[in-house]
Amino acid sequence: MSESENVDKITESSESDYVEDGQNKLIIKCKFCGSKILEKKSAKYVKQEKDLPLMQQEKGKEGEIQSEKTSQFYHVENMYTFENIGFTHTVANHKYLSCADCDAGPVGYYDMDTKHSYVALSRVEHC
């Protein structure tokens, strides 16, 4: 299943499976290694459109970063809220978020201006 097909799986109709009272209803884990990223009820659900690089870039397209539009995020105001997260180098006033254990990512981004983080629902596992 491609990432864009995975994004389509999390739609407004299934939002209630993951969101309760405007927050993440379940524990958020890395979909690759299972490390806990966020505890239940620790982030706010927000809708905003953002281009994120694909977690797995297609081979044969050297030098070109493929990305996708993502619109459902968990908003984390304080980076110390995370159980386990890594940050990449700065790209256009953002740092991308990755799993600190297996380095899979980006699972979201950190905004250098607001100092807030955003984790894409489609890029994590809900447990």
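Which residue stands opposite Tyr110 in strand 9? The legends below begin with that pairing.

The structure is a predicted model, in which local features need pLDDT of at least 70 and side-chain atom pairs count only at pLDDT 80 or more, while totals for chains, interfaces and linings use all residues. Residues are numbered from 1 along each chain as its sequence is written, and side-chain values use heavy atoms, with hydrogens and water left out.

View 1. Lys95 stands opposite Tyr110 in strand 9. Strands are DSSP runs (E, at least two residues) numbered from the N terminus, and two of them pair if DSSP finds at least two bridges between them. Strand 8 (residues 94-98) runs antiparallel to strand 9 and is joined to it by four bridges. Strand 10 (residues 116-120) also pairs with strand 9 in the antiparallel sense, over four bridges; here Val119 is the bridge partner of Gly108. Four residues lie between the strands in the hairpin of strand 9 and strand 10, where Lys115 takes a positive phi near 65°.

**View 2. The two faces of strand 9.** Gly108 and Tyr110 on one side of strand 9 (residues 108-111), and Tyr109 and Asp111 on the other, are all buried. Buried means under 20% relative accessible area, exposed over 50%, and partly exposed in between (1.4 Å probe, protein chains only).

View 3. Rings of Phe, Tyr and Trp (its six-membered ring) pair if their centres lie within 6.5 Å; planes under 30 degrees apart count as stacked, over 60 as edge-to-face and the rest as tilted. The whole structure holds four aromatic pairs. One of them is the edge-to-face pair of Phe73 and Tyr109, with 5.8 Å centre to centre and 85° between the planes. This pair links distant parts of the chain, since Phe73 is in strand 6 (residues 67-76) and Tyr109 in strand 9, 36 residues apart. Tyr109 and Tyr118 are stacked, because their ring centres are 5.0 Å apart and their planes at 20°. Phe73 is buried at 0% relative accessible area, Tyr109 at 5% and Tyr118 at 11%.

**View 4. Cys30 and Cys102.** A disulfide is a pair of cysteine sulfur atoms within 2.5 Å, and by this rule the count is zero. The sulfur of Cys30 is 3.6 Å from its closest cysteine sulfur, in Cys102, and therefore too far for a bond. Cys30 is buried at 2% relative accessibility, whereas Cys102 is partly exposed at 33%.
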